[in-house]
Every structure is written in C-alpha cells, then in structure tokens.
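I'll jot down what I look up as I go.

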Amino acid sequence: MVQLQATTASAPGKVILFGEHAVVYGTTAIAASVSSLRVSTRISSTSTPDVRVALNNLTSAKDGKPLVRSWPLATLAAAFRDVAGFLPRPSPAVVAALEATLANEHPKDVNALRPALFLLVAIVPGILVSLHGVDIDVVSGAFPVGAGLGSSAAFCTSVAAALLKAIQPHSVDLDVVNSHAFAAEVLLHDNPSGVDNSVATYGGAIVFKRGPQTTMTKLTLPPLRILLTNTHVPRETKVLVGGVRVLYDADPVGVQARFDAIEALATEFQNHVAAHTLTDAALAPMMATNQAALEALQVSHASIQAICAASAAHGLTTKLTGAGGGGCTITLIPETCPAATLESLIANLQVLGYSCLETALGGAGVQWTE
C-alpha cells in the first residue's frame, strides 16, 4: 500500500544574466534563480482511487475553465502496464502511454498535464495498484508563462520535489529531483539544456557552457536586487535564434566578436563572485555592455529599448533576459537607490503597460513545507 505524506514543494523561476543567444555557439551563459517568483505543488492522499491534477492558474483551452482533470487509477494502470523507461528521458513507450491517456484533451492542455502525470507514474509507480488516490494541486500565482522565466521548469521541479518528499519524507536528494524534472522538461521542449530545471532545483546560479562536453557549474551569488519587468510582448524564440544565425552566416567574424565580448563578461562576473568583489558599480556596466551586444545581434525590441531608456533616465541599468524580442528585462537596483527613484520608474513603466516585480536573484531553489 502506497503511503503518501501530505507535503508542499515550491521551485523558483530564472533569468539569464549573461550569454543569451551566444550560448548556442559555445559561449558561457549564467542563469540565476528569481527568489520570489515560484511555482508551488501540494500533494495529498485521497480516499478514492483517482488521480486529480489541478493546475489552478491555467485556463483550459478545451472548456475555458481552470485546468483540473481526474483519472481513475484503473485507467492509468491499464495505460502504463509493462511500460518502462522514465529516466534519463521518457522512452517512446512512456510518451505513447501519456498520449493515449490524454487523447481527448486539447493539445495545449496536453502539454500542461503531461509532466504531472509522467512524474507521478515515474516517482510513485505503486499508486497504480493502490486503493487510495492522490491530489496534485499546482499554484503558480503571478508567474508569467512563456516569458522566458523558466515557468515550465519551476512547474516540473516543484511537482517532482513534492512527490519525492511525499514518499520519502525524511530525506530527498536534490540530484534525484533534478533528474526527474529534466525528464519532464523533455516532454515539453524535446531537447532542453537542463539549465532551467537545475536553477529551479538548486537555486543560486548556474554557469553553463555547451560543447562536446557540456558543463554546468553551481555558483553562489551575493544578494542582487533587481526589477523584473514583463513587456507582455510575445516572442518566438526559434525566430530570434534563426535571425542570429542569419547574421552569423553573413558575418561570422563580426558576430563572433560579439560572442567573445559576452564571454569576457561572463568570465569577469565569475571572477568578481569568486573574489567577493562583485558590487553594483561593477555589475551595471557589464549588464550595459551585454545589452549593447544583444542589440547588435538584433534581438532587442522597441519595448525593451523603452525600458532601458526609462531606467537610464532614473540612473539605473537594464538588459533584456532570455530570447529578447519582447519578453522580460532585468534592471539592477543598487543598494543606494532611493525608494522614490524606484517608485517613479515603476510608475513610468506601468503607464507603458508593463508589469514590474521587485525581487532578488540567487535565492533558494526547492523548498518544502508540511
């Protein structure tokens, strides 16, 4: 008999500090957790033999209601009978079982529901023959979806962490959480880098470098206050990445020079962190230089430029984070920044239709509560 202890786990989103786009070509990227932007998952046992998944902040594309679905355990047991291959990536058999279970759902709803079902069967296979079911309640609050802030990884990580804690309440290995979150991310992104789920799991920052031997190194950051601004301008990451490729093919030497400049910034940042010499005065010009390089790569946007201009008028520094073309920006808030200055900037940005969140980078990854 499966015994699930009621538990709640949360995981943070992320921003890219340095290395957007250039990372595709082997340049170092540095991603950091966003302390107060979190997805929370609550696991609780039920007396009925059903699985209920409630994605409370998502609206179903099928019926326009909150995305809440239930399945009899017998249905899931039939779909996953003799199915194997959950880690390190879902096998074709696992993917087929998920597709069969969600065959009557809208494709957008399938993408949202599939990771939760996958993680349940991968982590708690005994639930399929249990007399008691489980509720998986996910709350994402104001976490914007599709804005390049790692919402899907925070979701997958929080679900994995909650399920693992529910079955082994005394000790959960974060590496195990991360491996399950990555496998769930594969269902959504096919070939994820692993950066987003790693930041969501461990917190702090991750130094990532792609190559024949891709490396990811954990980095502990000092407190960094930022203003995270969402332009609400949708962007297509593939289109933006493709645009940089066109530039690179046309002028590989010139574009590589931009990448080399970004690599130097990532190295300088790491050196400051290691030497405990990272200050607002040192970080601001590094962010400005990275933003200028991204503008030269033509991945900025009028909305991003408007935020950069508004922050500069208030004596602050902003750069885009993620793919660009809209999405989100980060503005460094120095310790010496007067409250009135920040309030004025936020008011100006809200008039432009943007949403702002004052937060900090480099905080905790997975957190559990009973």
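This is a predicted model: local features need pLDDT of at least 70, side-chain atom pairs count only at pLDDT 80 or more; totals for chains, interfaces and linings use all residues.

**Helix 9.** I started with the length of helix 9, residues 280-296. At 1.5 Å a residue, its 17 residues should span 24 Å, and the end C-alpha atoms do sit 24 Å apart, so the two agree. Next I looked up which residues of helix 9 are buried: Ala 282, Leu 283, Ala 284, Met 286, Met 287, Asn 290, Gln 291, Ala 293 and Leu 294. Among the elements these buried residues pack against are strand 1 (7-18), helix 8 (252-275) and strand 10 (328-332). Just past the helix, I found Gln 298 with a positive phi of about 65°.

**Cores.** The largest nonpolar core has 86 residues, and Phe 80 is one of those touching the most other members. Helix 3 (residues 107-123) gives the most to this core, eleven residues. Both domain 1 (7-222) and domain 2 (224-361) supply at least three residues each to this core. I checked Phe 80 itself: leaving out residues up to four places away in sequence, its contacts include Phe 86, Leu 98 and Val 121.

**Strand 10.** Is strand 10 buried or exposed? Five of its five residues are buried, so the rest of the structure largely encloses this strand. Cys 328, Ile 330 and Leu 332 point one way, Thr 329 and Thr 331 the other. I then looked for its neighbours. Strand 8 pairs with strand 10 in the antiparallel sense over five bridges, and strand 9 also pairs with strand 10 in the antiparallel sense over five bridges. Thr 331 stands opposite Leu 227 and is the bridge partner of Thr 318. Strands 9 and 10 form a hairpin with six residues between them, where Gly 322 has a positive phi of about 95°.

Technical notes. Residues are numbered from 1 along each chain as its sequence is written. Side-chain values use heavy atoms; hydrogens and water are left out. Helices (H or I, at least four residues) and strands (E, at least two) are DSSP runs, numbered from the N terminus. The expected span of a helix is 1.5 Å times one less than its number of residues. Buried means under 20% relative accessible area, exposed over 50%, partly exposed in between (1.4 Å probe, protein chains only). Contact means heavy atoms within 4.5 Å. A nonpolar core is a set of buried Ala, Val, Leu, Ile, Met, Phe, Trp, Tyr and Cys residues joined through side-chain atoms within 4.5 Å. Domain bounds come from an automatic or database domain assignment. Two strands pair if DSSP finds at least two bridges between them.
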